[in-house]
Amino acid sequence: MISIQGLTKQFGGLEVLKGINLQVDRGKVVVIIGPSGSGKTTMLRCLNILETPTKGILTIAGQTLDFSKNVPKKNITAFRRLTGMVFQNYHLFPHKTALENVMEGPIIVKREDKATARKRAEALLEKVGLRDKLDSYPSQLSGGQQQRVGIARALAMEPEVMLFDEPTSALDPELVGEVLKVMKDLAQEGMTMIVVTHEMRFAREVADEVIFMDDGVVVERNQPEVIFSRPQKERTKKFLHMIM
Ligand SMILES: Nc1ncnc2c1ncn2[C@@H]1O[C@H](COP(=O)(O)OP(=O)(O)OP(=O)(O)O)[C@@H](O)[C@H]1O
Ligand SMILES: [Mg+2]
């Protein structure tokens, strides 16, 4: 389903990703953990081509981009649609309502007609528990509600894979649960997900696999119970010791 081969990313002289290899099967949930600056966000952004990889071969749902060659822009546009991204700070349009935020992508990017887009946006907002907030602006919503709009907006594009970059880390503690619940439901419906998070309970309960990244490489990947109870690598042990 997802295959990352030899992914590297350099910013100027700084090599931030140093040859990432990773496979994720359809319907699986992978949680990525690792210290600040280890390249977690950069990796997600490369998958969504918000950053152009320096090198590497990315495959999602049968579409492949090989960055050792020149990649045509239209291939990038098509590839980007395969993933839906949820950001730490929601990134909603402040002057649009919840409903308009969710309708925007399908209308502008997919050229869907308004009625179809509206119907699905309503259904998605209902799914994330915001049936009564369709006409609210982001400033009228709590952080947890805004993030659930963010999830609905990503889902509206019908991606093959959902990418989450610390979706709950900007939230007050009492709002974290409602967002994790929506993510858990999505996982149970069979969505393929890559989630960068420090929510270890979520990782334990929902992840099929946990990946520990450090300094631009995958140090260890294993089932959550193995990573958390008996990590195999010294660096993983040290990191978990620090945060738990
Ligand atoms: N646009 C950029 N230009 C230059 N350097 C960058 C850029 N984006 C990221 N970096 C650098 O790349 C490295 C990895 O950053 P990244 O944001 O991927 O880390 P992270 O693992 O997500 O960290 P955190 O846990 O703090 O979010 C850092 O050293 C960062 O300073
Ligand atoms: Mg990050």
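Which backbone lies 3.0 Å from an oxygen atom of ligand 1? That would be Gly39, through a backbone N or O atom. Before going on, bear in mind that this is a predicted model, where local features need pLDDT of at least 70, side-chain atom pairs count only at pLDDT 80 or more, and totals for chains, interfaces and linings use all residues. Residues are numbered from 1 along each chain as its sequence is written, chains are lettered from A and ligands numbered from 1 in written order, and side-chain values use heavy atoms, with hydrogens and water left out.

Back to the ligand. Two side chains also make polar contacts (N or O pairs within 3.5 Å): Ser36 has a side-chain N or O atom 2.6 Å from an oxygen atom of ligand 1, and a polar side-chain atom of Thr42 sits 2.6 Å from a ligand oxygen. Taken on its own, ligand 1 has 640 Å² of accessible area (Shrake-Rupley, 1.4 Å probe), and the protein covers 59% of that.

Now for the shell, meaning residues with a heavy atom within 4 Å. Its members include Phe11, Val16, Pro35, Lys40 and Glu166. Sorted by class, there are three nonpolar, six polar and two charged residues, with Gly counted as polar. Helix 1 (residues 40–47) supplies the largest share, three residues; helices here are DSSP runs of H or I, at least four residues long.

Elsewhere, look at the segment after helix 9 (234–243), where you'll find Met244. Met244 counts as exposed because its relative accessibility is 53%, and the cut-off is over 50%. Together with Met242 and Ile243, Met244 forms a nonpolar surface patch of about 340 Å² accessible area.

How values were computed:
Polar contact = N/O pair within 3.5 Å; in protein donor to acceptor, adjacent residues only side chain to side chain. Helix = DSSP H or I, 4+ residues; strand = E, 2+ residues; numbered from the N terminus. Patch = residues over 30% accessible without salt bridge, like charges linked within 9 Å, V, L, I, M, F, W, Y side chains within 5 Å. Salt bridge = Lys/Arg side-chain N within 4 Å of Asp/Glu carboxyl O. Buried < 20%, exposed > 50% of the residue type's maximum accessible area, 1.4 Å probe, protein only.
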